[in-house]
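Please look over the sequence and the structure first, then read the points below by topic.

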Amino acid sequence: LETHGIVLRLNRLFIKAEHRTNPGGAVDDRTTPLEQKTIRYLRKKWPGVFSGHRRKNEVMMNWLYRKPMVGERAAKGFFGELYFGTVSNFYRPVEEDDVPLWRISYDDGDEEDMDHAELTAAIALAKNPDQFKLMEDRQEGPSASPNASCGGGGSSVPSAE
């Protein structure tokens with residue numbers, strides 16, 4: 001940190017453990033109930049990462065199959081109203097120029113797919129909905145987009161007067 005001024009976090013682990021049955025240490029403390037409890041914990045914490053197994057009490061880790069942010073709450077403004085939903089699915093890119101997308105299932109039954117930037121903003125807004133009122137107060141009248149993520153405020157429909 002002193003030398004470069006930054007910190008790098010790497011979320012990938014490569015572990016090759018060949019001590020499944022050797023006596024001593026952690027192996028002596030491993031029991032089927034403890035292993036199953038640990039597997040349930042890992043699967044809950046990182047959905048999709050730990051799947052399948054070759055042996056009882058063994059799981060395979062594949063970070064590429066994780067479903068990040070699934071289950072998180074999200075919020076977005078539509079026509080001056082704040083709507084809440086839950087991240088219900090994650091779609092990996094299929095083609096080289098695709099981007100990852102997250103499906104938001106809103107509490108009112110609507111759904112929408114968001115990219116990472118949109119999702120990050122929506123999760124932050126769900127955690128602090130008071131920001132919506134602040135953003136809406138900053139809108140500048142009728143020229144604002146009616147479905148902007150901060151709530152819009154204007155209308156693109158001409159007046160009937």
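Helices (H or I, at least four residues) and strands (E, at least two) are DSSP runs, numbered from the N terminus. On that basis, the protein chain holds four helices and six strands. This is a predicted model, in which local features need pLDDT of at least 70 and side-chain atom pairs count only at pLDDT 80 or more, while totals for chains, interfaces and linings use all residues. Residues are numbered from 1 along each chain as its sequence is written, and side-chain values use heavy atoms, with hydrogens and water left out.

**The chain as a whole**

- The order of elements along the sequence of the protein chain is α-α-β-β-β-β-β-β-α-α.
- The protein chain has 161 residues, of which 20% count as buried; buried means under 20% relative accessible area, exposed over 50%, and partly exposed in between (1.4 Å probe, protein chains only).
- About 12300 Å² of accessible surface is computed for the protein chain, and carbon and sulfur atoms account for 53% of that surface. Accessible areas come from the Shrake-Rupley method with a 1.4 Å probe; for residues, only the protein chains shown count as cover.
- Contact means heavy atoms within 4.5 Å. Of the contacts in the protein chain between residues at least 6 apart in sequence, 30% join residues at least 24 apart.

**The sheet and the helix across it**

- An open sheet is built from four strands in the order β3-β4-β5-β6, with antiparallel pairing; two strands pair if DSSP finds at least two bridges between them.
- At the edges of the sheet are β3 (73–78) and β6 (111–114), each of which pairs on one side only.
- From one strand to the next, the twist averages 40°. Axes are lines fitted to C-alpha atoms, for helices over the stretch in contact, and angles run from 0 to 180 degrees between N-to-C directions.
- Strands β4 (residues 81–91) and β5 (residues 101–106) run antiparallel and are joined by six bridges. In this pairing, Y91 stands opposite L101 in β5.
- Helix α3 (residues 116–127) lies across β3, β4, β5 and β6, and runs at about 95° to β3.

**Salt bridges**

- A salt bridge is a side-chain nitrogen of Lys or Arg within 4 Å of a carboxyl oxygen of Asp or Glu. The count by this rule is four salt bridges.
- One of them links D107 and R73, whose closest N and O atoms are 2.8 Å apart. D107 lies in the loop between β5 and β6 and R73 lies in strand β3, so the pair ties together parts that are 34 residues apart in sequence.
- D107 is exposed, at a relative accessible area of 53%, whereas R73 is partly exposed at 36% relative accessibility.
- R103 forms a salt bridge with D113, and the closest N and O atoms of this pair are 2.5 Å apart. Because R103 lies in strand β5 and D113 in strand β6, the pair ties together parts that are 10 residues apart in sequence.
- R103 also meets E111 in a salt bridge, at 3.4 Å from N to O.

- K76 is found in strand β3 and is buried, with a relative accessible area of 12%.
- The side chains of K76 and E112 are joined by a polar contact of 2.7 Å. A polar contact is a pair of N or O atoms within 3.5 Å; within protein, one must be able to donate a hydrogen and the other to accept it, and residues adjacent in sequence count only if both atoms are side-chain atoms.
- T86 has its place in strand β4 and counts as partly exposed at 24% relative accessibility.
- Leaving out residues up to four places away in sequence, T86 touches G71, E72, R73, R103, I104 and S105.
- Between the side chains of T86 and R73 there is a polar contact of 2.8 Å.
- T86 and G71 are 15 residues apart along the chain, and their C-alpha atoms are separated by 5.8 Å.
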